Amino acid sequence: MNIPVENQKISVVSNIFKANDHIANENRKLLNDSGVFAINIMGSPGSGKTSFLESLMPKLLNNGLKAGVIFGDIATTKDAERLQKFGIPVVQIMTEAFGGACHLDASMIKEGLNKIQLKDLDLLFIENVGNLVCPAIFDIGEHARIVVLSVTEGEDKPSKYPTIFLRTDLVILNKVDLIPYLSIKTNDLLKEIRKINQKLDVIEFSNKEVNKTKVWLDWFEYIRKLKKFI
Ligand code: MG
Ligand code: ZN
């Protein structure tokens with residue numbers, strides 16, 4: 001029997017996702033068994049994913065939370081080096097070795113998890129490859145997702161890339177200190193995000209406001225809420 005080429009393509013794609021989801025569920029089980037809550041951080045290149053983690057880390061550590069980070073990068077270890085200074089477990093996955101993938105998938109995370117003593121952690125952050133498209137469609141075994149969106153990216157990003165905004169638990173609206181210099185207002189950006197996903201939690205953030213307590217109270221509250229699901 002001849003299967004039309006188009007149908008063959010569809011079945012190859014669905015097999016890829018099936019295989020990925022199977023490994024993702026194994027990853028999640030391993031994390032659950034180790035009591036580790038994993039957060040997949042996604043966003044455009046330059047949206048501030050790494051600097052967000054850099055600002056967040058001392059606050060988490062000071063509050064007694066033990067965290068580790070897995071970085072997905074196409075070719076460099078620059079991001080990983082920025083987090084190593086906190087003396088926490090940091091694993092770098094260079095996706096170039098997997099064919100230059102523009103996203104992390106579950107099998108890459110499986111390898112990364114083998115390199116970390118999960119029993120020593122409460123939280124695992126996974127910084128995905130900077131990209132608003134395919135990271136959204138790959139389950140990597142995480143418990144929650146965050147999209148870091150910089151105010152400088154323009155208000156059209158949520159409507160241009162709806163999938164990632166539909167498949168996240170939280171948006172960190174980053175670099176809000178730059179708002180006075182832009183023609184866009186924070187409320188307009190919030191409206192654009194909510195047009196795509198009405199219920200989405202958004203935390204306004206900037207490295208300059210790291211010490212404003214409210215941001216961190218929001219954060220700890222958020223993580224506490226999430227941890228209940230493990
Ligand atoms: Mg980065
Ligand atoms: Zn990709």
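Tutor: Buried means under 20% relative accessible area, exposed means over 50%, and partly exposed lies in between (1.4 Å probe, protein chains only). Now some ground rules. This is a predicted model: local features need pLDDT of at least 70, side-chain atom pairs count only at pLDDT 80 or more, and totals for chains, interfaces and linings use all residues. Residues are numbered from 1 along each chain as its sequence is written, chains are lettered from A and ligands numbered from 1 in the order in which they are written, and side-chain values use heavy atoms, without hydrogens and water.

Student: Why does serine 34 count as buried?
Tutor: Its relative accessibility is 13%, so serine 34 falls under the 20% limit. Serine 34 belongs to helix α1, residues 5-34. A helix here is a DSSP run of H or I with at least four residues, a strand is a run of E with at least two, and both are numbered from the N terminus.

Student: What does serine 34 touch?
Tutor: Leu118, Lys119 and Leu121, not counting residues up to four places away in sequence. To touch, or be in contact, means heavy atoms within 4.5 Å.

Student: Where in the chain do aspartate 79 and glutamate 127 lie?
Tutor: Aspartate 79 is in helix α3 (residues 78-84) and glutamate 127 is in strand β4 (residues 123-127). They are 48 residues apart, so this pair links distant parts of the chain. Both aspartate 79 and glutamate 127 are buried.

Student: Which residues are the protein donors of the zinc ion (ligand 2)?
Tutor: Cys102 (SG), His103 (ND1) and Cys134 (SG), at 2.0 to 2.2 Å. Histidine 103 is in the loop between β3 and α4, and cysteine 134 is in the loop between β4 and β5, 31 residues apart. Histidine 103 and cysteine 134 are both buried.

Student: What makes two strands a pair?
Tutor: DSSP must find at least two bridges between them. Strand β1 (residues 37-42) and strand β5 (residues 144-150) run parallel and are joined by four bridges. Four meets the limit of at least two, so β1 and β5 pair. Isoleucine 41 stands opposite isoleucine 146 in β5.

Student: In what order do the seven strands form the open sheet?
Tutor: The order is β3-β2-β4-β1-β5-β6-β7, with parallel pairing. Strands β3 (90-94) and β7 (201-204) each pair on one side only, so they are the edge strands.

Student: Why is the crossover from β6 to β7 called right-handed?
Tutor: Point the strands away from you; a crossover is right-handed if the path from the first strand over the helix to the second runs clockwise. The chain goes from β6 through helix α7 (residues 186-196) to β7, and this β-α-β crossover is right-handed.

Student: What makes a nonpolar core?
Tutor: It is a set of buried Ala, Val, Leu, Ile, Met, Phe, Trp, Tyr and Cys residues joined through side-chain atoms within 4.5 Å. The largest core has 25 residues, and Leu53, Met57 and Phe125 are among those with the most contacts inside it. Helix α2 gives the most to this core, with five residues. Another core of 18 residues lies apart, including Val151 and Ile184.

Student: Why does phenylalanine 71 count as buried?
Tutor: Its relative accessibility is 0%, so phenylalanine 71 is under the limit of 20%. Phenylalanine 71 lies in strand β2. Its contacts beyond four places in sequence include Thr50, Asp79 and Glu127.

Technical notes
Donors are N, O and S atoms within 2.8 Å of the metal (3.2 Å for Na, K and Ca); water is not among the atoms, so sites may look incomplete.
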